[in-house]
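Thanks, everyone, for making the time this morning. Let me put the model up on the screen, and then I will talk you through it.

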Amino acid sequence: MFADPYDFSPSHPYRVSSSTTCPRFAIIVAGGTGTRMGADRPKQFLELAGEPVLAHTLRRFAEPGLNVQELVLVLPFDQLTTWQRLCEQYGIVVPHTVVEGGATRWASVRNGLAHLAAQTNGVVAVHDGVRPLTPQAVIEATYQAAYNHGAAVAAVVPKDSVRGLNQQGSYALNRNRLRLVQTPQCFDISLLRRAYQLPELTTFTDDASVVEDLHPIHLVEGDYRNLKITTPEDMLLAETLLLRYSNL
Ligand SMILES: Nc1ccn([C@@H]2O[C@H](COP(=O)(O)OP(=O)(O)OP(=O)(O)O)[C@@H](O)[C@H]2O)c(=O)n1
Ligand SMILES: C[C@](O)(CO)[C@H](O)COP(=O)(O)O
């Protein structure tokens, strides 16, 4: 269904050293306000199974087996002390660096990337702070695939039928030729930096859409449990999944 993420052909330009020695970084974007959630605070701070959503997400990337060197957390500029208080209240001790976000997701990623300006070599993952259920295997496979291909994104096959809209009404789309895109989205760090030096477009919805004019995007099999908390019912679903799958 997906191209093999472990393509070890010797000629690939991105395979310059063994993947275990290639530095890994992560930018967790949590600079949004959560308008669609409609809660009394940004959804990344809501309590999910006893902890803020963001604490679950950070822990996924702090797993020792992943070997992530630096975790950059992007927050709304006016919520830095809120997060500091939550860390104290819930005893969140995952090492991370906090960076102020921007007006759009694109601007938040760019700020996170600016913090990694000294890093010239390695793979960087960009991940939504509101995806607290990403399995380790998906994170590892996406880092690996970016090491092998330069740019890799987790995605799943749509489960529902899909229709496009036209002047007459709507028409059926072949869902076997479509993918629903998730995060993490992992990139060679120099490639991502080049892409984020270009102007922001209104068509950008994720990092793959920022990079794709410069480099092909390799798809890695994602996971249906890797949901993005967007509207209130997602909180119920996420809580159920977290309790059911404690060892994702
Ligand atoms: N200026 C922004 C906007 C979004 N994000 C982050 O990007 C991820 C995906 O965005 P989305 O689910 O749309 O979050 P919000 O923008 O907070 O939600 P909404 O669109 O409903 O306001 C979230 O982790 C969000 O915090 C960000 O870092 N900076
Ligand atoms: C990046 C993303 O999570 C991939 O599915 C998604 O595009 C974010 O979209 P949103 O418009 O910020 O909700």
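Predicted model: local features only at pLDDT ≥ 70, side-chain atom pairs only at ≥ 80, totals over all residues.

Residues are numbered from 1 along each chain as its sequence is written, and chains are lettered from A and ligands numbered from 1 in the order in which they are written.

Let me begin with the sheet, which is open and is formed by seven strands in the order β5-β4-β1-β6-β10-β7-β11, with mixed pairing. Here strands (E, at least two residues) and helices (H or I, at least four) are DSSP runs numbered from the N terminus, and two strands pair if DSSP finds at least two bridges between them. At the edges stand β5, residues 97-100, and β11, residues 218-221, each with a single partner strand, so one side of each is left without a neighbour in the sheet. From one strand to the next, the twist averages 25 degrees, where axes are lines fitted to C-alpha atoms, for helices over the stretch in contact, and angles run from 0 to 180 degrees between N-to-C directions.

Strand β4, residues 68-75, runs parallel to β5 and is joined to it by four bridges; in β5, V99 stands opposite V74, and T97 stands opposite V72. On the β1 side, six bridges join β1 to β4, again in parallel, and R24 has V68 as its bridge partner in β4.

Turning to the helices, α1, residues 53-62, packs on the sheet and touches β1 (24-29), β4 and β6 (123-128), its direction making about 160 degrees with that of β4; contact means that the C-beta atoms of two residues, placed from the backbone, lie within 7 Å. Helix α3, residues 105-115, lies across β1, β4, β5 and β6 and runs at about 145 degrees to β1.

How much of α4 is buried or exposed? Ten of the 14 residues of α4 are buried, among them V138, I139, Y143 and Y147, where buried means 20 or more other C-beta atoms within 10 Å of a residue's own, exposed 12 or fewer, and partly exposed in between, with C-beta atoms placed from the backbone. The cover over these buried residues includes β1, α1, β6, β7, β10 and β11. Just after α4, G150 takes a positive phi of about 95 degrees.

By contrast, P216, in the loop between α6 (207-211) and β11, counts as exposed because it has 9 C-beta neighbours inside 10 Å.

Finally, the ligands. Around ligand 1 there are 21 residues, of which V29, G31, G32, R36 and S108 come nearest, a residue being near if its C-beta atom, placed from the backbone, lies within 6 Å. The surroundings of ligand 2 are R105, D128, V181, Q182, T183, T205, D206, K228 and T230, and strand β10, residues 180-188, gives the most to that shell, with three residues.
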